[in-house]
Amino acid sequence: MSKLRNMRVIEIPKFRAVSSGEGTLGEIFGNPDGFSAWIASHRHLLHKPLYEPVDFLWHEGCDINRSVWIWALREGVTAAEIAPYQILEFPGGLFLAATADENDNDDLNETVAGMRAWIAQSKVFEYGSFPESGMCNMPNPDGEGDKALGIAQQQIFLPLKPREPQRKDS
């Protein structure tokens with residue numbers, strides 16, 4: 001199957017990121033002294049995007065209650081500058097990407113199911129291993145496009161790896 005059905009295959013390069021570490025969504029986003037607040041006050045250390053976000057969230061080991069949020073760092077940022085957080089070396093890789101409405105569970109589930117079905121039927125790719133849960137980000141949180149559409153766009157990235165070529169017996 002080669003038709004992408006409103007999805008795209010992308011390659012994300014390796015990069016250095018600051019990591020929230022493993023935590024609940026409440027710990028990462030809801031704590032006034034947590035990672036989300038740290039990000040808001042340390043934007044000068046983060047890679048500035050042209051138009052695509054440079055952050056990703058995934059569930060650790062597919063446990064929806066344990067997540068990791070990372071942000072790409074500018075060149076030269078040191079571990080001391082991001083303390084108490086850690087630098088994570090994001091390995092990069094191939095991903096199948098699609099967009100759904102974060103506020104609509106049916107749309108999210110339908111989108112992910114369609115992505116998984118495409119991977120299962122692909123003669124070129126199979127499901128990759130990192131991150132096992134896949135990952136997501138918000139391309140323009142609170143942006144004009146989302147406000148006009150009345151949705152919260154969530155980009156979903158499922159890991160891919162090339163299928164091993166089928167060997168023909170001679």
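Predicted model: local features only at pLDDT ≥ 70, side-chain atom pairs only at ≥ 80, totals over all residues.
Helices here are DSSP runs of H or I with at least four residues, strands are DSSP runs of E with at least two, and both are numbered from the N terminus. With that convention, the chain holds five helices and nine strands, and reading along the sequence gives the pattern β-β-α-α-β-β-α-β-β-α-β-β-α-β.

Residues are numbered from 1 along each chain as its sequence is written, and side-chain values use heavy atoms, with hydrogens and water left out.

Let me start with the overall form. The C-alpha trace spans about 60 × 40 × 30 Å along its principal axes. If we count a contact as heavy atoms within 4.5 Å, then among contacts with a separation of 6 or more, 73% come from residues 24 or more positions apart.

Now to the pockets. A pocket is found on a 1 Å grid over the protein atoms alone, as an open set of points where a 1.4 Å probe fits, with protein on both sides within 12 Å along at least five of seven lines, and its lining residues have an atom within 4 Å of a point. The volume is the space filled by probe spheres set on those points, which are joined across faces, edges and corners.

The largest pocket holds about 1,000 Å³ of space, and of the 38 residues that line it, Leu57, Glu102, Cys136, Asn137 and Gln154 are the closest to its centre. Elements giving two or more residues to this lining include α1 (25–30), β3 (55–59) and β9 (153–162), while the largest share, five residues, comes from α4. Counting Ala, Val, Leu, Ile, Met, Phe, Trp, Tyr, Cys and Pro as nonpolar, Asp, Glu, Lys and Arg as charged, and the others, Gly among them, as polar, the lining divides into 23 nonpolar, nine polar and six charged residues.

The second largest pocket holds about 330 Å³, and 16 residues line it, with Ile12, Pro13, Glu52, Pro53 and Phe56 nearest its centre. Here strand β1 (residues 8–12) gives the most, with four residues, and the lining divides into 10 nonpolar, two polar and four charged residues.

Turning to the backbone, most peptide bonds are trans. A cis peptide bond, however, joins Ala83 and Pro84, with omega about 15°, and Pro84 lies in the loop between α3 (79–82) and β5 (86–90). The bond from Phe130 to Pro131 is also cis, with omega near -15°, and Pro131 lies in the loop between β7 (125–127) and β8.

Finally, consider Val124, in the loop between α4 and β7. Val124 is partly exposed, with a relative accessible area of 46%, and, not counting residues up to four places away in sequence, Val124 touches Lys161, Pro162 and Arg163.

Methods. Buried < 20%, exposed > 50% of the residue type's maximum accessible area, 1.4 Å probe, protein only.
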